[in-house]
Structures are given as structure tokens and as C-alpha cells.
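Subject: Structure handover and notes

Hi there,

Here is the structure I promised to pass on. Please have a look at it first, and then read my notes below.

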Amino acid sequence: MAGSEKRERLKEFYLEIRNCTKCELSKTRTNFVFGSGSADATIMFVGEAPGRNEDLQGKPFVGQAGRLLDELLLYIGLTRDKVFIANVLKCRPPGNRDPRLEEINSCKCYLFKQIEIIDPKIICTLGKHSTQLILNTQAGITSLRGRVFKIGKRLILPINHPAAALYTPSKMSVLREDFLRIERFIRHEEEYRGYMEEIEELHEQKPPGPGGMSMKDYEGVVLELGFESGFGSDTDAGEYEPGEAPGIADSGKDKGEQLELF
Ligand code: SF4
């Protein structure tokens with residue numbers, strides 16, 4: 001699909017879902033935060049959920065963690081208009097609490113639809129929640145960060161959430177190291193073969209350990225998503241089809257003013 005067509009499809013999708021009321025977070029949000037960046041990006045960054053500033057501005061990663069993300073992108077020669085940045089949840093959990101399973105289950109199809117439209121070669125998951133969702137695992141970010149996974153044709157690179165480095169400065173060097181690795185994968189695609197030993201097919205993952213969501217919960221996630229047959233394929237990244245999503249009110253408006261697409 002051409003970049004211009006992806007852009008149009010993303011805009012249509014935004015207009016379709018921006019008034020979503022599928023979960024309780026719709027009652028407390030100030031703004032729905034769709035995500036922003038290039039509709040034709042090679043790489044997507046996926047965080048957890050909007051924070052206070054994101055909620056107020058309707059844009060992803062605009063607070064302190066966002067400024068750090070900008071710095072890290074610049075560190076490897078990228079800017080926001082070259083990547084796409086989104087979150088697992090499109091609305092802010094009150095008080096920045098962790099996303100709840102039911103909220104993730106309600107919202108994840110939107111992220112997967114974005115992935116389907118943008119069709120990035122690389123997805124960089126920022127922190128625990130996006131990593132566990134995309135990799136379909138309960139393993140902690142500590143054990144997954146720095147490794148490279150492959151789902152279908154896409155590479156998944158889990159790294160720490162930039163906010164973690166704000167609170168623990170020693171994690172900054174790890175974050176920079178991970179961004180340099182990202183750069184290698186973006187800029188030297190022809191050298192993928194040289195890194196193949198780092199790529200681990202998901203089916204080789206060990207069953208997740210205790211903590212976080214229970215295995216039963218996660219089996220539900222897989223079932224609901226059609227994860228194995230959907231995400232990572234060329235056909236369908238989720239169960240959502242425009243116009244069919246429940247709980248979406250049509251405001252009749254066609255603003256799109258908070259949508260930053262390049
Ligand atoms: S499902 Fe997502 S977009 Fe819809 S209200 Fe919940 S968090 Fe917001």
C-alpha cells in the first residue's frame with residue numbers, strides 16, 4: 001500500500017474510533033490519544049498508555065518521557081515524522097495507574113489495526129505492557145529487553161520504557177545501547193542475516209512465569225485476538241472492522257485536529 005493510502009486509512013480509522021466508549025477510561029479521559037508520526041514508518045514505538053500531559057494534549061509521549069524519547073530518536077538520526085508512536089491504551093488510566101486487563105482487551109484491536117495499516121518492519125515495545133501484549137507472554141521486561149523476536153515478517157525489539165530511565169538514571173546507558181541496536185536493524189537491513197542468531201521465534205518462548213496476568217488471562221487474549229493467525233500476517237491484525245466496532249459514538253464531527261500524520 002502506498003504511503004498516501006496508508007495516511008488516508010489511518011485518518012479514517014482515527015475518525016472512526018476517536019469517540020470510543022468501549023471501556024470505563026472514556027469517562028475520565030480529557031482526550032483520546034490515537035498516536036502520531038509517519039503513516040509509512042519502518043518502525044513503530046509502542047508504549048503503555050497516555051499520561052497526564054498526553055491526556056491534556058491528545059498526543060503521545062509529550063511529557064518528560066516524551067522529551068527523552070525525542071532525544072533518543074535524535075541520537076540515532078530519527079525524528080517523530082519518520083516513525084510512528086502509539087500506546088496500547090488510547091485513553092489515560094486515572095492517576096497513571098497500570099492498565100487493567102479488561103482495558104487492554106477492549107483497546108488492543110485498535111493498536112493491531114494501526115500496525116496492519118502502517119505495516120512497519122520493526123516494532124519497538126516500550127516497557128512491560130506493550131511487550132507482553134505484542135509478544136503474547138507474561139515474561140518480565142527485564143528478561144526480554146535487548147532480545148530480538150520475530151512475528152511473521154516483523155521484528156519485535158523490546159526495550160525499557162523511557163520513563164524508567166527518568167527514575168533510574170543508571171538505565172539511561174542501557175536505553176542508549178538499545179537505541180543503537182535499533183539503528184542497526186533499521187539502517188542495515190541487508191545485514192539482518194548477521195543478526196539472525198538474535199532472532200527468536202515466538203513459539204520457542206517458554207511458558208510465562210508467575211506474576212502479572214495469569215496464563216488463563218493470556219490464553220483469553222490470544223483467543224480473542226486471533227493472534228497467531230492475524231497479527232504479523234498481511235491480512236488482518238485484529239477483529240475490528242471500520243464501522244463495526246461496538247461502543248463508538250459518531251459525533252458527526254470531522255475535526256482530526258489532534259492527528260499528526262506525516
Ligand atoms: S477501549 Fe481504548 S479507546 Fe476505547 S475507551 Fe477504552 S482506552 Fe479509550
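Two points on conventions before we start. Numbering begins at 1 in each chain and follows the sequence as written. The model is predicted, so I required pLDDT of at least 70 for local features and 80 or more for side-chain atom pairs, while totals for chains, interfaces and linings use all residues.

**Around the ligand**

The shell has 13 residues, and those that come nearest are C20, C23, S26, C91 and C107. A residue belongs here if its C-beta atom, placed from the backbone, lies within 6 Å of the molecule. Two helices, α2 (25-28) and α5 (101-118), each give at least two residues to this shell, and α5 has the largest share with 3 residues. Helices here are DSSP runs of H or I, at least four residues long, numbered from the N terminus. By type, the shell splits into 7 nonpolar, 3 polar and 3 charged residues.

**The core**

In the largest nonpolar core, with 58 residues, M44, F45, V46, V83, V88 and C124 touch the most other members. The largest share of this core, 9 residues, comes from α5. Such a core is a set of buried Ala, Val, Leu, Ile, Met, Phe, Trp, Tyr and Cys residues joined through C-beta atoms within 7 Å. Buried means 20 or more other C-beta atoms within 10 Å of the residue's own, exposed means 12 or fewer, and partly exposed is in between, with C-beta atoms placed from the backbone. Leaving out residues up to four places away in sequence, F45 touches V83, I85, C124 and L126; contact means C-beta atoms, placed from the backbone, within 7 Å.

**Helix α4**

Which residues of α4 are buried? They are A65, G66, L69 and L72. These cover an arc of only 120° around the axis, so they sit on the same side of α4; the arc is taken over directions from the helix axis to the C-beta atoms. They pack against α8 (162-167) and α9 (171-187). Just after α4, G77 has a positive phi of about 80°.

**R7**

R7 is in helix α1 (residues 3-17) and counts as partly exposed because it has 19 C-beta neighbours inside 10 Å. Beyond its neighbours within four places in sequence, R7 contacts A39 and L261.

Best wishes

How values were computed
Ala, Val, Leu, Ile, Met, Phe, Trp, Tyr, Cys and Pro count as nonpolar, Asp, Glu, Lys and Arg as charged, and the others, Gly among them, as polar. Two residues are in contact if their C-beta atoms, placed from the backbone, lie within 7 Å.
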